[in-house]
Amino acid sequence: MGLIVLVPVLPQMMVEFREVAGFEYLVPLMLTLPALCVAVLSPFAGLVVDKLGRRRTLIWALIVYAIFGMAPMILSDLKIIIATRVVVGAMEAVIVTASTTLIGDYFDGKTREKWLANQTAFASLSSVVLSLLGGLLGNFGWRAPFAAYGVSLLYVVGLLLWTWEPQKSAVLGRTSACPAKAFPWIASLPVALIAIFGGIMFFTMQIQVSNVLADSYGIRSASDLGLFAAIAGFSVALGTVIYRLLGRLRFAIQIAIAFGLLGISYVMINHAPQTHEFTFWLIANQLGAGILLPALVVFAMAQLPFERRGRGTGIFMMGWWLGQPLSTQIAAVLKGWQGGNLTLALQTLGIVCLVASFVALLSMLRGRINPAVSLDRSLH
């Protein structure tokens, strides 16, 4: 919701703030600034979640999120709107960290893997509804989609009715605990770097889909752009189903398939003269994204004990959500290098993804990727 609901009105906002110096960077940054805040604040959010409790911090964060998320409906100054997005991002840092940590607390083993995959699937299916909603509300102006942020108050009610604050004794009673030691921040750096790279490739198409359609195919209607964004969201959800089918494969194969789909589709979008061809490669791209996210989340969550789960999740979220604002800036830079050709810029990213897929397969063949061992060594 932090991003997808606004994607259909990105072209409208570009026009609205065209007189503001640097608008071509500031407007996309306004959309993705919350993700940057998540990236910066997630480790600290993890500390708060571990200290103050997952559930209560999540409830308060959702309330503040709703208030500041809807604020741009009555604001006109781009700088003030950006300031509200910083607050939204701070609350998102708590929300994504606390919610994922709660899943780690409530479940373990294969059940945990199932619900982490379901988390991605449900979020992606929600993005279908939110994309259509953003497109529909966008017909009433660029401000209207911000009203969607108020839905977080419904989740507050759900949390109050159906969740509980997990207790350490209950969690440790069903899992093997690790000795309480200082959290290995430096040893967790590789996980964060993988998350950054994955986040860049995951978010690029979700953010740029409307710009590709407007620049290359002349499609600018908010409702039409919302439809394509919904197709992308549904494809991510379908990708999580494919991930479940690939669950018995090694981590290296999972991400090789994910980056392979992302790479091929980014390249072929540059060679798609018609919208139906673009749609095919858009679906392939988002299937790869749907496989990638749960694979990386399960990898990051593996072996995290109760005492470190919030901080460990925060480290992963820091890297993943840093990928979102980086994706917009990288796309802008590559587009500039390619003479303003966005699809050619995406092709460059596709080549990088194909290299990553090859490296993953090569690492597996050399026996260098074993998530159960590598993560256990880094965290214990």
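I looked up Phe-316 and Trp-320 and found that both are buried, where buried means under 20% relative accessible area, exposed over 50% and partly exposed in between, with a 1.4 Å probe and protein chains only. I must keep in mind that this is a predicted model, in which local features need pLDDT of at least 70 and side-chain atom pairs count only at pLDDT 80 or more, while totals for chains, interfaces and linings use all residues. I also note that residues are numbered from 1 along each chain as its sequence is written, and that side-chain values use heavy atoms, with hydrogens and water left out.

I then turned to the ring pairs, where the rings of Phe, Tyr and Trp (its six-membered ring) pair if their centres lie within 6.5 Å, and planes under 30 degrees apart count as stacked, over 60 as edge-to-face and the rest as tilted. A search of the whole structure gave me 15 aromatic pairs. In one of them, Phe-202 and Trp-320 have ring centres 5.0 Å apart and planes at 55 degrees, so I noted the pair as tilted. Phe-202 lies in helix H8 and Trp-320 in helix H12, so this pair ties together parts that are 118 residues apart in sequence; helices are DSSP runs of H or I with at least four residues, strands are runs of E with at least two, and both are numbered from the N terminus. Phe-316 and Trp-320 form a stacked pair, 6.1 Å centre to centre with 15 degrees between the planes.

Finally, I noted that the protein has 14 helices and zero strands.
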